[in-house]
Each structure stands twice: as structure tokens, then as C-alpha cells.
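Open the model in your viewer and keep the selection panel at hand. The tour goes stop by stop.

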Amino acid sequence: MSKTVKFVVVGAGNISNTRHIPALKKIKNAEIVGVISDKIERARKTAEKYNIPHAAQIKESSGGLEVTNADWMDDADAWVIGAPPHFHYPLVKLGLSLGKHVLVEKPMMMNENECNELIKIAKSKNKVFYVMHNFQYANKMLKLNNIIASKKHGEVISITEVQFTNRDRRLPEWYNDLPLGLFYDEAAHFLYLPERHVGKLQIQQAYAVYDSANSEATPVTLSVNATAGKVPLTMFLNFRSPVCEWYYMVSFRKDIYIYDFFKDILIHLPTDGEHLGKDVLRSSIKYTCQYWGQFIANGIRMVTGNLLYGHDKVLGSFVSAIIDGNVDKFLTAENGKINVVAANSIVEKVNKR
């Protein structure tokens, strides 16, 4: 079936402007018909910037949320929601109630009950309900997906995830309103990847260190020990770093792959054996050559607006699911719920200490 899916972009902030809209504009069977926001000026500014025909305001009313002066929305097929996490539940519920297919940014919801309710509504209305778990479809992560699935190097023996966050970078105003602050907004990326690659997540331990001089929700550091399937998983997150770097490291018996999130770079290093001088030098040369080759190529993509970290592929899959029913199990709301449960498990273990 050949069809154009008509989209409404919900939210006019950074993620909508830099990821969702540019990605949708690259998809042949997608058309953006409008932007809605709680601030009409922002909706109009975004619509004007991207030559989108309509803008409208979403407001709270006695019956819940409603969109004002938007008769044009009747023709829309789907919503893509890029609003703050604590608004995901009412916005998804509204979108589904209006008969729209819905894709929502991560984290899907604030708790499991919200997930269950909206999954049930989506099924009752026969609507596609996706979650933006995009990094699993970034260019180099696609390569790592295939390497792990092929068992080219045997079984995965451990996964290590490291995050350094610079608080001076562009951060949303609302992140400290979330459980564990910035962690809850960003955690999904560190949870859906190991779940996909090696199995069901079980959180064993979580420990946060806070700055005693201030009372914000985001800790200075957070350490998590878990298993994904039978594979040990370690997470270390530093939210008070002078630089932003995120790494996902997958170890096999004699090989390691290091994925750099922000630069979409994948480094492969074989064992350094006895760790002699020549072994260290060989690893350094391999790392340097791979890094700079990919850095140059991705730098060009970034400057030309073509480094979208998998958003384009997720939205393309969403369009395919709407038109042809080709649902990707790794992007479903059921999969999103798994991440919400895991993130809340970490929050609970930190709060019990």
C-alpha cells in the first residue's frame, strides 16, 4: 500500500527542532502538517522555520489537555511527541484518544502503571505506539548489532557503560524535576542496548553520590551493577564532568568494541595479549586510525545535518508500521515499558540507601 503519513510534531523544543523534524523531512512517505506546543509562539516559530503549514497551542482544561483552533488536525495520522517526560502520559493519552498513531520520546513514561494503561488503549484503538529508542539504529551501532548477533567473536562476556556529562551544555530546564534528575531523562539509552544485545535486565545494585552543598535531584556520580541475561553489566555515570562523553563497551573473550555515542564511532580492538610495549603500541595505532577515519566522515555528516543518531531510521520504521503493519519489536511500547521498569528499579535502590 502506497500512502503518505501526515504528522503532527508535539513540542517545539530542542529535540523536535534538531532531530524529529529533520528526520521526518528525509522520509519519502512522511509529511509534517503541523506543530503544537504549550507556547504558541514557539510552535509558530518552529512551523515558520521548517515551512510547516499549521501551528497550534495545547492547553489544560477541566477535561484534561486540549488543542485549540486546530481543525486541520483531523487529517493527521500520527503524533511525534518531544515534550518533557512528565508530560508524556497525558499527551500520549490525548493523541490516542484522537485516533492518532503515536511515537513518544524516551523515557516512555514515569511508571509502569502509566505504560500499561496506554498500551491497553493503543491496542483497543489498533494504533501503532512506538518509543524513540534511537541509538540502536545509529549507523555504527547497527554494525555492532550485527557483530553481536552473528557471534563472530563468540559470546559477550561483559558490558561496560560510561557517561560523562558537562552541566554547561544545553540541558532542559525541567530535568531536576525527574527522579534522579538527569539520569531519568537519559537512562533509556543505557538500558535498551544491553537488553537488546544480551537479554533481560536485572538491576543488582545502585549507588549515588550527592553534593552536600546543594539539594538538586541529579547526583554527582551514579554507579549501577546489573546483569543483562547472564552477562555482567556495569554503569558509571558522572554528572559533574567538564566534558560530555558517552561510551558503550562490549567485551568478548579476545576482542572489545567501544562505541562513542555522540560521534557515532565504533572502535574494534583485539586482545593486547601480554600487554607488552609492542602490544600497547599496536592497540594505540589501531584505535587512533579507526577513530580519526570515522571522525572525519561523521564530522562532514554532522555539518551537513545528516548525523541523526538513528532518529531517521526509527521514524522510517514508524511510517512502515503505520502503512504496512511492519512493527519493530525493539521500538514498541512494550519494549519501552521494560526500560521504565529498569530505570525505576535503579531509582528505588538508590533511594533505599
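In what order do the seven strands of the open sheet run? This is a predicted model, and the order in its sheet is β9-β10-β11-β8-β12-β13-β14. The pairing is mixed.

Select the edges next. These are β9 (201–209) and β14 (265–270). Each has a single partner strand, so one side of each is left without a neighbour in the sheet. Now look across the strands: neighbours in this sheet are turned by 15 degrees against each other on average, direction ignored.

Show Y257: H268 in β14 stands opposite.

Now the helices on the sheet. Select α7, residues 188–198. Helix α7 packs on the sheet and touches β8 (158–164), β9, β10 (221–228), β11 (231–238) and β12 (245–251). The direction of α7 makes about 165 degrees with that of β8. Then select α10, residues 333–352. Helix α10 also packs on the sheet, touching β9 and β10. Its direction makes about 45 degrees with that of β9.

Last stop: a helix pair. Select α3 (residues 88–97) and α4 (residues 112–124). They pack at an angle of about 10 degrees, with their axes 10 Å apart. The helices α3 and α4 are therefore roughly parallel to each other. Show side chains for the contact: Y89, V92, K93 and L96 come from α3, and E114, E117, L118, I121 and A122 from α4. By class, this contact has six nonpolar and three charged residues, and no polar ones.

Methods
Residues are numbered from 1 along each chain as its sequence is written. This is a predicted model: local features need pLDDT of at least 70, side-chain atom pairs count only at pLDDT 80 or more; totals for chains, interfaces and linings use all residues. Side-chain values use heavy atoms; hydrogens and water are left out. Axes are lines fitted to C-alpha atoms, for helices over the stretch in contact, and angles run from 0 to 180 degrees between N-to-C directions. Helices (H or I, at least four residues) and strands (E, at least two) are DSSP runs, numbered from the N terminus. Angles under 35 degrees count as roughly parallel, over 145 as roughly antiparallel, 65 to 115 as roughly perpendicular and the rest as oblique. Contact means heavy atoms within 4.5 Å. Ala, Val, Leu, Ile, Met, Phe, Trp, Tyr, Cys and Pro count as nonpolar, Asp, Glu, Lys and Arg as charged, and the others, Gly among them, as polar. Two strands pair if DSSP finds at least two bridges between them.
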